[in-house]
Amino acid sequence: MLADVLSYLCCPHCSTTLTEAGGSLRCESGHVFDVARQGYVSLLTGKAAVSGDNADMVAARDAFLSAGHYAPIVAATVAASAGEGCVLDLGAGTGHYLAAVLDASPGRVGVALEIAKPALRRAARAHPRLGAVGADTWQRLPIRGGAVSVALNVFAPRNAAETARVLATDGRLVVVSPTPAHLRELVSTLGLLTVGEDKAARVSASLPGFAVSAQDGREFAMSLTHEEVLALVGMGPSAWHVNAAALRGRVSRLSSPVRVTASVTVTTYVKE
Ligand SMILES: [Zn+2]
């Protein structure tokens, strides 16, 4: 619910406090943001450079995650996020990971920042202590400085400067990123984007001002139907690069069920 997280948010134009009145949020300077019927608020300023995942991609992601195929990754994310205080998910998608973190911590609230409206609609009802906020994570975040205890970044782009600003002094950043082994059975047969051998180093290099405090990994086999393989591809970055009809054709020629490896690194960073 937005009311639970209001004290962590700020106006994207002037950074002053937001209060709720009559279905809108209003800042001290009079900027007004309408709360959508579905329960999220857009704090986007101007037109975003990208619109994020479309409705089909979001539906595919929701179906795949709800089926529990990534449960070990969710569990590792929850373990790395343990503690107290506000949890911020940067590029939260449908709110699946953040909801799991909140489930494991009854006293906490969470803010899901996401740019795609179809994802925001789902995130808004993902958990009773979760507030869903439309924002471009490449821009200045509509979050008060030092307000966040744990920032989550799950298969999402990283904005180091803004993440450092919103994290408390003793705050943590939890990054989940794929290893080169992730979905390896599908990469060549389906023409997916590959993960470079230097992925972990590139993730750390993209986070100046942060130091690694812990690292954990998860690698496991999934047994997927053809539809689930299509959903998995549809939720990832390759969805933009692979022709849908060609993909469907290639998937139809795979054995069934399809054995697919999931492999991620869960890295916890603290501010230097
Ligand atoms: Zn304002």
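How far apart do the axes of H9 and H10 come, and at roughly what angle do they cross? They come within 10 Å and cross at roughly 140°. Before we go on, a word on what you're looking at: this is a predicted model, where local features need pLDDT of at least 70 and side-chain atom pairs count only at pLDDT 80 or more, while totals for chains, interfaces and linings use all residues. Residues are numbered from 1 along each chain as its sequence is written, and side-chain values use heavy atoms, with hydrogens and water left out.

Back to our helices. Helices (H or I, at least four residues) and strands (E, at least two) are DSSP runs, numbered from the N terminus. Axes are lines fitted to C-alpha atoms, for helices over the stretch in contact, and angles run from 0 to 180 degrees between N-to-C directions. On the H9 side, the contact (heavy atoms within 4.5 Å) is made by His226, Glu227, Val229, Leu230 and Val233, and on the H10 side by Leu247, Arg248, Val251 and Ser252.

H9 has another partner. Helix H2 (residues 55-66) packs against helix H9 (residues 226-234) at an angle of about 125°, with their axes 8 Å apart. That makes H2 oblique to H9, and this crossing is left-handed. Here Met57, Ala60 and Phe64 in H2 meet Glu228, Ala231, Leu232 and Gly234 in H9.

Now look at helix H3 (residues 71-80) and helix H4 (residues 96-104), whose axes come within 9 Å and cross at roughly 55°. H3 and H4 are therefore oblique to each other, with a right-handed crossing. Ile73, Val74, Thr77 and Val78 of H3 make the contact with His96, Tyr97, Ala100, Val101 and Ala104 of H4.

Next, the metal. Which residues hold the zinc ion? Cys11 (SG), Cys14 (SG), Cys27 (SG) and His31 (ND1) coordinate the zinc ion at 2.1 to 2.3 Å. Donors are N, O and S atoms within 2.8 Å of the metal (3.2 Å for Na, K and Ca). The angles among the four donor atoms are 103 to 120°, and the site is tetrahedral (four donors count as that if all angles lie between 85 and 135 degrees). In sequence, the donor residues follow the spacing C-x2-C-x12-C-x3-H. Cys11 sits in the loop between helix H1 (2-5) and strand S1 (18-21), and His31 in the loop between strand S2 (24-27) and strand S3 (32-34), so the pair ties together parts that are 20 residues apart in sequence.

Finally, two spots in the backbone. The peptide bond from Ser256 to Pro257 is cis, with omega near 0°, and you'll find Pro257 in the loop between helix H10 (244-252) and strand S11 (258-271). Phe155 has a phi near 50°, a positive value in a residue other than glycine. Look for Phe155 in the loop between strand S8 (148-154) and helix H6 (160-166).

Terms used: Parallel < 35°, antiparallel > 145°, perpendicular 65-115°, else oblique. Left-handed = near helix turned anticlockwise from the far one by under 90°. Tetrahedral: all angles 85-135°; square planar, octahedral: opposite > 155°, others 65-115°.
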